[in-house]
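Hi,

Here is the structure I promised to pass on. Please open it alongside this email, and my notes on the helices, the strands and the confidence follow below.

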Amino acid sequence: MKRLSTIIILLLLMTNAFAKGNFAFIVPIKGEINGATETFVKESIEKAEMNKTSIVFEIDTYGGYVKSAEKIKNYILNAKIPTIAFVNNKAESAGVLISIACEKLYMAENSTIGSAETIPATEKNISFWRTLLKDTAEKRGKNAKVVEAMADKDLVIDGLTKEGKLVNLTAKESLDFGVSDGTCKDLNEVFQKEGITSSEDLKMPILAKAVNLISNPYISTLILTIAVAAFVIEIFSPGFGLAGGISVLAFAFYFLGNILAGNSYQYAIFIFLIGVALIIVESIIPGFGLPGIFGIISIVIGLVLTMRSLDIALMGVASSMIVGGVISYVFIKQGIKSPFIQKITLRNSTSADFGYSSHDKPNVEIGSLGKSLTPLKPTGYIIIGDKKYEAISEIGYISKDEEVEVTEIKGTNIFVRRYICQA
């Protein structure tokens, strides 16, 4: 009986070991490769090592950040479990490094791999990136020369590419030139070749997906444009309203998304906030001086430092500044009463007409005359009699020391325009 029990226990242990050896986690590498992808891969490998199972990376990416790709490569090379890459469509740029870092690399029938030039394609960047690809390819027994040519268009591979063209391989070419280990119709065929009998898909956490989305250059640019537009509207509007709330939220998404994705650091926010503070100071003092100039410079620097590259940064900052400039022009030329401004801001007054009452209603009347103490752009200060009031220009910019006339009173808001003396 003791011998039988021992045999049964050994059989169970062997069965369990066999089952684990034929089980794999499937980890998708899709979209942009960034800090969120890096964390996801690291945690997935740790989970696979804990369960002593294989891991299959299903790859479909245009690439991403070199820094994140290098870290992912190191996680894969140092993994204590079998690692397999399956390029299920495309592996470009940073996706090439991740693919060749795995012990086995399979390509789907219509997939491609290559086009791994850095952005910007400076000599320094290309030299570093080529070395990284070459070293990884050699460690995994891949054709290092072909892999290098994916990143450097000056390298020529006989029978494959000409000078000035980056290498981009089809599934057949990758096998013929010693980059891949085989071509498969789908994941099931990969499993058959590797003896995998069961698998589990690992999903990227919702937060990581959100970070991936926000840090996408086009989405990030859209969020930045909305943030700047709302910020400009809030600066020119009295009080703190809907535009201010939208601006704060949009900037928060923009900075947090890019920081979590590994594109930026906290000091970019600090520089940006200094700029915002200077712009606010500029909005409440006469004229346009040093606070405004340094404020704009600080904001631009903060925004540029948040992006992963100068090209992407310039695209985002330029589009947002153009929109902000147009809105500023409308405010200054047409004032708070512009039909465009009326549509994009909440103009309902908390007056008696809407069921509200105020104990701080200004002691002025429509038609009262006064003088501007500061420029109204469109908000500023006026004096009526011997009392100072905050006022809003109804139409256009009003400079300092101009005569003004009260045209409307809504709650505590006084609307004025230039006084034109009639004969």
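Let me start with helix packing. Helix H3 (residues 66–77) packs against helix H5 (residues 123–139) at an angle of about 15°, and their axes are 12 Å apart. Since an angle under 35 degrees counts as roughly parallel, that makes H3 roughly parallel to H5. Their crossing is left-handed. On the H3 side the contact is made by Val66, Glu70, Lys73 and Leu77, and H5 brings Phe128, Trp129, Leu132, Thr136 and Lys139. By type, the residues of this contact are five nonpolar, one polar and three charged.

From H4, Ala94, Val96, Leu97, Ile100 and Ala101 meet Trp129, Leu132, Leu133, Thr136 and Ala137 in H5. This contact divides into nine nonpolar residues, one polar and no charged. If you click on Trp129, Leu132 and Thr136, you will find them listed in the contact of H5 with H3 and in the contact of H5 with H4.

Another pair to look at is helix H9 (residues 206–215) with helix H11 (residues 242–260). They pack at an angle of about 110°, with their axes 8 Å apart. An angle of 65 to 115 degrees counts as roughly perpendicular, and H9 and H11 are therefore roughly perpendicular to each other. The crossing of H9 past H11 is left-handed. Val211, Ile214 and Ser215 of H9 make the contact with Phe253, Gly257, Asn258 and Leu260 of H11. Four of these residues are nonpolar, three are polar and none is charged.

Now for the strands. Five of them form a closed barrel in the order E9-E10-E11-E13-E12, with mixed pairing. From one strand to the next, the twist averages 55°. Going through some of the pairs:

- Strand E10 (residues 379–384) and E11 run antiparallel and are joined by six bridges; Ile383 stands opposite Lys388 in E11.
- Strand E11 (residues 387–393) and strand E13 (residues 413–418) run parallel, joined by three bridges. Here Ser393 stands opposite Val416 in E13.
- Strand E12 (residues 403–410) pairs with E13 in the antiparallel sense over six bridges, and Lys410 stands opposite Asn413 in E13. These two strands form a hairpin with two residues between them, and Gly411 in the turn has a positive phi of about 60°.

Finally, a word on confidence. The protein chain averages a pLDDT of 81, with 82% of the residues scoring at least 70. Two stretches need some care. Over residues 12–20 pLDDT stays under 50, and the model has three contacts beyond four places in sequence for them. Over residues 343–359 pLDDT also stays under 50, and there the model has 19 such contacts. Where pLDDT is low, the predicted coordinates should not be read in detail.

Happy to talk any of this through once you have had a look.

Best wishes

Conventions
Residues are numbered from 1 along each chain as its sequence is written. This is a predicted model: local features need pLDDT of at least 70, side-chain atom pairs count only at pLDDT 80 or more; totals for chains, interfaces and linings use all residues. Side-chain values use heavy atoms; hydrogens and water are left out. pLDDT is the predictor's confidence in each residue, from 0 to 100. Contact means heavy atoms within 4.5 Å. Axes are lines fitted to C-alpha atoms, for helices over the stretch in contact, and angles run from 0 to 180 degrees between N-to-C directions. Helices (H or I, at least four residues) and strands (E, at least two) are DSSP runs, numbered from the N terminus. Angles under 35 degrees count as roughly parallel, over 145 as roughly antiparallel, 65 to 115 as roughly perpendicular and the rest as oblique. A crossing is left-handed if the near helix is turned anticlockwise from the far one by less than a right angle, and right-handed if clockwise. Ala, Val, Leu, Ile, Met, Phe, Trp, Tyr, Cys and Pro count as nonpolar, Asp, Glu, Lys and Arg as charged, and the others, Gly among them, as polar. Two strands pair if DSSP finds at least two bridges between them.
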